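User: Please examine the structure shown below and answer some questions on its helices and sheet.

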Amino acid sequence: MDRFATLVLRFRVLVLVSVILLTVGGGVAIWKLAYIESDITKYLPENDPVVIHFNETGERFGGVAVGIVALEAPDVFQREALEEIHRLTQVIEKVEGVSWVISLTQMDDVQADLIDGEKAVSVGKVVDPDHLPQSEAESLALKQRVLAKKNLVGVVVSEDAHLAAISYSILKSADRVEVAGLVEQRVRESASDPERLTFAGFPYMMKGLSEMIMRDMVTLVPFVTLVVILVLLLAFGSIRGVLLPLATVMVSSVWAMGLMALCNIPITMLSNVIPVLLIALGTAYAIHMLHKVDEVGGGSTELNKLRLAMVDVMVPIGLAGITTVVGFLSFLTSDLSFIQDTGLIAAFGIFAAMLVAITMVPAILSMLKPNMKAVIDLAAGDKAKGWLGLVTSKLGDLALRNRRKVIVLTAIIALGAALLIPGLDRQFNMVNYFPTDSEVRRSDDMMRRKLGGSLPLWVTVDGPTKDPFVLETMFTVEKFLNGFAHIRNAKGIANLIAEMNQVMTGHGSIPDTKEGVGNLWINLEGKDVLSQMVDGEKKHSLVQAVCSTSDTGVLRRIVAEVDDFIAKLPSRVLQVDLRSADAELAAAAEKARMEAVAMDVALDLQALIVPDEKRRAGMPDRMRYPADTVLPWLQASWSKEARANDRAFYRTPMLALLLSDESDVPMDDEGLASGLVDAVTDAWMGKARSQAELAALIRSRLPEAQLTEDPKGPFYLAKSLKIILEEVDEAHRIDAVLAHVLAQLPKEAESRDGLKKALRGDLARLNSQIAYLPMESGEAGAAAQVLEVRVRQTGMHHINVNVDNRLVSSQLYSLGVAALVAMLLLMIQFRSFLAGLLGMIPMTVTLLVNFGVMAALDIDLDSSTVLIASLVVGVGIDYTIHFLSRTRLEVRKDGELNAALGKTLGTAGRAISINAITVAAGQLVFLAGDLLPLHSFGILLALAMMVSALAAVTVMPAVLSFIRPRFLLGKNGST
């Protein structure tokens, strides 16, 4: 150390010139290259399965960043409002980087039509922009039609019709913040009244976060600089006492941020604290250097004293710097890039501050006269210590006189804090980063109240999309998601297929054949909705929903419950044709189908009759009507052989067919038609079931001339009548089961909107001749075909939970690394295992108090507060290092421990106090920032520094005086 000090003083001009050049270079790099990154999806590792799936989904379905533009109006179904919605929709569509747009005038919906008097289905825009309502009556009719559809309410319009939403997705390759800003600009320019607009969604959160990061950096750096100047001025009472520590941290901050810019490392919602942290924390090294030099009177005329002061203080400064560097480097154990980058750059900044303190500061001091007014002569008495040294000495003396009480009281405080820690909560909620009166907060609140939320949740379904089994799986997932109180508007292509089938057959279910699906799919070809929900190869589909909350605890539970449900879905099944399968295989397949239907019924009951408050309390893992409860209801009431018990059920549709132009055998005689219907009905209600038997019966009832004219007519008519008869029986069987299910429910449940319709769709699967048997339940046979499907969840809710989980693991790993290294360094410096353990006492107390206060004040572990523990170890251990180092030095001079402790309290203790007050005051500057988590960060870190410093000057002397460790006293001990 002596040689290093000598070199610094000899080449002091070179040192100063080098510092100036590096600082200028760092400033230029910041000006030219620095940029902000607020997209949390880019903070996670690229090889993370959650991130990979999230990005793949974005590429496949046109982006995963969804923005929402909401337009308020007295009634959005008035022509003027619809015209503006359409105009703004077109404006957004033209913005480069936007992949798709959904609005009232740009969303596809299933519609029932009549073509030549027959039922038909079509898919068209919810509101045709070319045929807007022309009158109040038309507006009212449109309003009633749209609001009657649950899949539209909360998606493109609010339930009260006062808010219309225009949602758009941003391509993964585009800059989301830039695109969101451009959309906002152009929409505001095109709107008739921009005050009626609200902008929400993830892109606007990123945009708002970027703006806040910039504002905080511009505001907080000057603010913390002023605070540090005031504290240093009060502590040292001299210009050099202010300028030298301040110059140290300014230089180190420019170097650190310049390195960040040169390395293409972005400024994030965590790394934006680096300048403030460095200005507050980095003063410690210059403070201890300056304090020691002032103590001995070193300067230009006393270079030898300056050199000796440097030698005495460089080891503790170096060790303190290394522990702080290690505290920040422990962030590298995290696999979140924004934590790693923050740790790396902050560690470099602290190292730079330490290096500047032991080079630049002595170099400048060597050119200045000694500060004789600040020379501390311990022999002169308490007045020479200054007010801060006096306070520190009195505290330490009190602790020494009451060492047992101090130790017991400290243990009680630590234990009490530890008991509070189980109440600590975790949270990664980006909404909570914004002030309560911010535009982002207000828009998010509106989205939750009016549209059910703005946080996207998606489930991808991989498998041939047109396959009935894949669609049924998707439909089940939609039902499950809609059972959550905090999930809204879950829908996928299966929902549209089922809705089209409802129009055509009266059953809101998936057709059981590919041909049936294909007939409906034709209506989707070329529609916008298809590209939003299905990829071009028809092998991947997307179920879309939104979360009405950003609470990480709820999201964590949603992720777990969705994963658990998906794991229970069959991913590989045998498709069994019950008409040709052997009895054993058919029975197993029918049993599996009954269980699957029971699950769908249970999910619909959960979604449609359980009130939201019950679902919030219970969630799907405690369903009011679980599948195990529903299954016996179905088994008790289902019979595949059951027939209608009223002849009128059969007669009415058959007679209508025979007397219509659609009859395969023209019939003008109503009496003949009625007699034929009676005969067919009697035969069907008896044993006749085949088409051949019915055809023979028809031939026997028709005039010979009619048979001669069309010999094949009876055969085709028998086929048509058999279809009607089977449909009647199927409907009867479903009605019987539905009645039994409804009988098990509270009376008021039957009146719930959409319940009967949904249950009929579920139960319709029982009539299918196709069933699916999970591979684990049987072997493939001749009548079976193997089908596969893969279901996974993704979306911003999953990203948030993933970040939260990694934040907690980051806390544990970084804390463990920082504590271990700090202990090892203390052991190495003092060559004592006990020194390492004793050095951790103030840190342990500080950590327990920190977490206890967080629990008591309901402060969550988030992206800012989660890393305070590592900082406490890395930074707070400095106080203990300086205290132990100075104590050992004083013991070697005087040979008596208590006297040495007294001198340490008046010297190093004073420097520790100055440093702690400076750091604490600097951290409280975060209260002036916009980012709310930084408020908690500043308060907690300030508290931790004060507690750590207080423990160093009270608990440490009490413990040292009590156990009298040999590493301080030497081999022969001390009296």
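Analyst: Buried means under 20% relative accessible area, exposed over 50% and partly exposed in between, with a 1.4 Å probe and protein chains only. The model is predicted: local features need pLDDT of at least 70, side-chain atom pairs count only at pLDDT 80 or more, and totals for chains, interfaces and linings use all residues. Residues are numbered from 1 along each chain as its sequence is written, and side-chain values use heavy atoms, without hydrogens and water.

User: How many of the residues of α9 are buried?

Analyst: Helices are DSSP runs of H or I with at least four residues, strands runs of E with at least two, numbered from the N terminus. In α9, the buried residues include Ile 274, Pro 275 and Val 276. The helix is largely enclosed by the rest of the structure, because the buried count is eight of the eight.

User: At what angle do α9 and α10 pack?

Analyst: Axes are lines fitted to C-alpha atoms, for helices over the stretch in contact, and angles run from 0 to 180 degrees between N-to-C directions. Helix α9 (residues 274–281) and helix α10 (residues 283–296) have axes 5 Å apart, and their packing angle is about 15 degrees.

User: Which residue of β13 is the bridge partner of Val 459?

Analyst: Strand β7 (residues 455–462) and β13 run antiparallel, joined by six bridges. In β13, the partner of Val 459 is Gln 793.

Terms used
Two strands pair if DSSP finds at least two bridges between them.
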